[in-house]
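Please keep the sequence and the model in view while reading.

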Amino acid sequence: MIIVVTRCLRSLRMRGLQQSVWLFLLSLSLALISSFAAPDHDKTQALAQERYGARAVETVAAWRRLIEESRDLPDLDKLNKVNTFFNRRILFQDDIVVWQQADYWASPLEFMGRGSGDCEDFSIAKYTTLQILGVGNDKLRMVYVRAKIGSTASVAHMVLGYYPQPTAEPLILDNLITSVRPASMRSDLVPVFSFNSDGLWVGGATASSADPTARLSRWRDVLERMHQDGIN
């Protein structure tokens with residue numbers, strides 16, 4: 001594909017195409033090339049074996065089956081399957097237990113490899129998996145909230161929000177409960193800010209206020225580790 005596009009562009013340029021048209025076609029070719037890039041799940045599974053062993057390989061293999069079986073489903077079915085997969089398979093543990101750090105954002109491979117993680121790790125794994133399944137990035141945001149848990153004071157927590165439209169009420173994917181529910185049914189959650197790989201939104205703002213990779217160093221770091229793991 002790359003060779004064919006390059007030859008076509010070279011031919012057009014040799015015919016004296018104006019520079020602006022040449023640059024447009026070059027941009028188009030790069031977009032086409034990038035659209036053919038895909039996660040390397042064979043690499044991910046091999047790394048699971050190398051770093052974590054047989055149990056992690058089985059989890060990654062089951063994750064790959066989930067992806068293959070869910071590609072053609074409606075979005076709502078994808079949400080439910082992905083939410084259930086991680087909530088049932090992965091144990092909640094604080095970062096200090098899993099990583100001996102106060103706050104560590106794990107890549108999906110690290111999360112599946114260790115078999116445990118905290119709310120950020122659940123949200124990142126669900127977000128990434130839904131992206132792989134073709135759910136648009138404009139519909140997905142990780143949401144930092146204050147969560148009322150039992151009779152205790154509210155605590156910092158992260159969930160994944162699915163927005164059918166940019167200003168619509170989101171559906172919430174949460175490791176604290178088994179079902180996907182509309183935000184209006186989660187009175188225990190108070191949103192603080194949300195983000196994805198394209199933007200960062202504060203409170204109920206409809207416009208992004210910052211570049212999330214510039215403002216959130218842990219997000220930038222985990223995106224790089226995902227790339228190294230063959231996941232994006």
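Q: Which residues does Asn175 touch, not counting residues up to four places away in sequence?
A: This is a predicted model, in which local features need pLDDT of at least 70, side-chain atom pairs count only at pLDDT 80 or more, and totals for chains, interfaces and linings use all residues. Residues are numbered from 1 along each chain as its sequence is written, and side-chain values use heavy atoms, with hydrogens and water left out. Contact means heavy atoms within 4.5 Å. With neighbours up to four places away in sequence set aside, Asn175 touches Asn87, Phe92, Cys119, Phe122, Lys126, His157 and Met158.

Q: Is Asn175 buried or exposed?
A: Asn175 lies in the loop between β5 (171-173) and β6 (181-182); strands (E, at least two residues) and helices (H or I, at least four) are DSSP runs, numbered from the N terminus. Buried means under 20% relative accessible area, exposed over 50%, and partly exposed in between (1.4 Å probe, protein chains only). The relative accessible area of Asn175 is 18%, so the residue is buried.

Q: Is Gln100 buried or exposed?
A: Gln100 belongs to the loop between α6 (95-98) and α7 (108-114). Although Gln100 is not a glycine, its phi is positive, at about 55°. Because its relative accessibility is 57%, Gln100 counts as exposed.

Q: How are α4 and α5 oriented to each other?
A: Helix α4 (residues 54-70) packs against helix α5 (residues 75-89) at an angle of about 170°, with the axes 11 Å apart. Axes are lines fitted to C-alpha atoms, for helices over the stretch in contact, and angles run from 0 to 180 degrees between N-to-C directions. Angles under 35 degrees count as roughly parallel, over 145 as roughly antiparallel, 65 to 115 as roughly perpendicular and the rest as oblique. The two helices, α4 and α5, are therefore roughly antiparallel.

Q: Which residue of β7 is the bridge partner of Arg146?
A: Two strands pair if DSSP finds at least two bridges between them. Strand β3 (residues 140-147) and strand β7 (residues 189-195) run antiparallel and are joined by six bridges. Within β7, the partner of Arg146 is Val190.
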